[in-house]
Amino acid sequence: MHNPKSYQNIKKRLRKSSFIPFIKQKLATISCVVLLIPASTYAHDKATAVSQESEIISKVINAYGGDALINAKSIKVLDYNKGPWPGESEIPGEPEIWRINEELIIDFENKKKGLLSYRAPRTTLDLEKWIHDGKKTVMYDILHNKYSVEEWASYEWLGSSLIRSSDTLQARRLHTDLKSAQYIGNEYYRGKVHQKLAITLSSGTQFTYFIDITSGLIRKIQRSHPRIGNMLYVFSNHQTVNKVVFAQDLNFFINGTLRITSVERNIELNPNITRAFKGFDNFTQWGDTFNYSDLHIEKRADGVYQVGKGRALSVFIEHSDYYIALGAANAIENNFAEIKKRTHTDKPIQYFIVTHHHNANLQGLDKVLALGAKLVFSDAHKSVITESLSSKHSADDFVVVPDRTPFNIGNLTLSDIATAHAQHYLLVYFPKHKMVFAEDHYVTNLKTAKPRIYHDMVRFAQALDELNIDVEKLIDIRGWRQLNIADFKRWTRDFTAKTCPKDYAVCTKG
């Protein structure tokens with residue numbers, strides 16, 4: 001195992017050695033042969049293992065800038081990219097391309113970070129500046145002149161996805177953040193021998209680095225994520241800026257599917273950090289927010305309950321001898337158990353409404369069927385929903401709502417509407433209480449303040465108007481805020497599309 005603190009000593013020792021060419025030649029020869037040897041024979045004398053892993057790490061750090069990199073007081077990393085987001089498109093099976101442009105500045109000496117983030121998913125624009133000042137994290141919403149203190153966002157969390165995507169910062173981690181390293185053999189990549197190094201960081205996160213045996217550059221990084229699956233970062237077109245090397249091109253894959261491809265990447269050592277950690281004096285705070293990290297339940301009206309924690313929320317509408325449910329299918333068992341405790345009844349769930357086809361709505365549908373409920377969904381989403389099921393099912397397990405036709409089920413009316421979020425979307429209306437239930441269109445964590453208004457919300461308001469139904473209250477199943485229709489109509493009517501300020505270069509490419 002490698003101790004990162006030994007880097008300087010290793011470097012001095014290697015510089016003095018007159019056997020370096022001989023050692024490199026022998027290591028290259030051994031690396032080629034080792035592919036033919038069973039894994040059980042990789043056990044080495046401890047001193048030999050330390051020497052080999054330390055030499056590889058020393059080679060990597062030197063390849064990326066050596067002292068210039070590891071002694072840097074600060075660094076700026078620019079990463080503009082685009083990529084498909086499977087399962088989040090307006091139409092099932094049609095690619096949805098999102099743009100994410102980010103610039104991260106890290107002050108290593110004072111443990112500060114500044115992240116400028118521009119995102120363009122679907123019809124929405126987000127421009128935010130996140131600052132961790134060594135104690136707390138503040139997020140500034142530049143398009144709305146608002147800010148919020150994000151107590152949950154730590155120094156380690158901020159910009160972590162960008163750090164994972166930077167081969168340069170990954171190389172630096174071998175010196176600053178390494179818990180252990182193990183050489184696990186060689187592998188050919190692009191016809192060249194690459195050394196594989198199994199890395200465990202101090203956080204416990206594990207990676208496998210694929211290192212060019214000649215140059216020391218990281219060509220690939222692999223990570224096995226317990227929930228997401230196999231993650232692969234592929235680096236190419238390496239450039240040098242101020243003695244520091246970085247990959248100008250990145251492609252990122254999840255389970256073999258492309259998720260991110262680079263548009264522009266760059267790096268700057270010891271940049272001017274004066275403005276990086278400066279906020280906006282004229283911005284006002286968004287307001288108080290809900291914080292239900294534990295299981296919580298709300299009675300929304302007679303026989304209408306909302307229950308869950310985080311964003312895994314469900315709504316249950318009580319009928320004489322059954323419930324209709326909608327929301328987080330993955331949490332249906334726990335949420336339903338809480339409802340039964342609250343109401344002291346043992347009625348079954350007869351129907352579960354799947355409002356649309358996105359990933360979060362498909363996860364856990366097998367759990368719903370296991371409870372004996374029927375799935376209710378739009379005819380347009382029949383294929384994608386049935387294909388997501390792993391359990392046995394039949395036509396009797398489904399209730400299919402015809403396109404663009406009002407459909408009554410129990411005491412609810414379902415309407416298949418078109419929104420910017422999904423071409424077919426089941427809006428749920430409870431006439432008795434003049435209440436509408438939906439997901440993802442007007443969710444907010446703010447308790448009372450006017451939420452952020454965006455195009456998806458405006459289009460939803462237009463579709464709601466076209467139904468010509470009597471509505472007083474709106475509940476987004478993913479949040480705890482109940483909106484009244486008068487505020488909702490006023491906010492969406494007064495909406496003005498946001499554009500990126502001219503002096504923000506982060507918005508101009510991609």
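Predicted model: local features only at pLDDT ≥ 70, side-chain atom pairs only at ≥ 80, totals over all residues.
1. The structure holds 26 salt bridges. As background, side chains of opposite charge can pair when their charged atoms come close.

2. Asp126 and Arg452 form one of the salt bridges, with an N to O distance of 2.0 Å between their side chains. Asp126 belongs to strand 4 (residues 126-132), while Arg452 sits in the loop between strand 25 (435-438) and helix 11 (455-467), so this pair ties together parts that are 326 residues apart in sequence. Asp126 has a relative accessibility of 11% and counts as buried, because the cut-off for buried is under 20%. Arg452, at 23%, counts as partly exposed.

3. Another pair is Glu318 with Lys347, whose closest N and O atoms are 2.7 Å apart. This pair also links distant parts of the chain: Glu318 is in strand 17 (residues 312-318), and Lys347 is in the loop between helix 7 (332-343) and strand 19 (349-353), 29 residues apart. Glu318 is partly exposed at 22% relative accessibility, whereas Lys347 is buried at 17%.

4. Asp126 and Arg452 are the pair described in point 2.

5. Asp133 and Lys136 also form a salt bridge, and their closest N and O atoms are 3.3 Å apart. Are these two residues buried or partly exposed? Asp133 is partly exposed, with a relative accessible area of 33%, and Lys136 is partly exposed too, at 39% relative accessibility.

6. Now the strands. Strand 9 (residues 206-212) pairs with strand 10 (residues 218-225) in the antiparallel sense, over four bridges. Within this pairing, Thr208 has Gln222 in strand 10 as its bridge partner. The two strands make a hairpin with five residues between them. In the turn of that hairpin, Gly216 has a positive phi of about 85°.

7. Strand 10 also runs antiparallel to strand 11 (residues 229-241), and six bridges join them. Here Arg223 stands opposite Met231 in strand 11. How many residues lie between strand 10 and strand 11 in their hairpin? There are three.

Conventions
Residues numbered from 1 in each chain as written. Heavy atoms only, no water. Pairing = 2+ DSSP bridges. Salt bridge = Lys/Arg side-chain N within 4 Å of Asp/Glu carboxyl O. Buried < 20%, exposed > 50% of the residue type's maximum accessible area, 1.4 Å probe, protein only.
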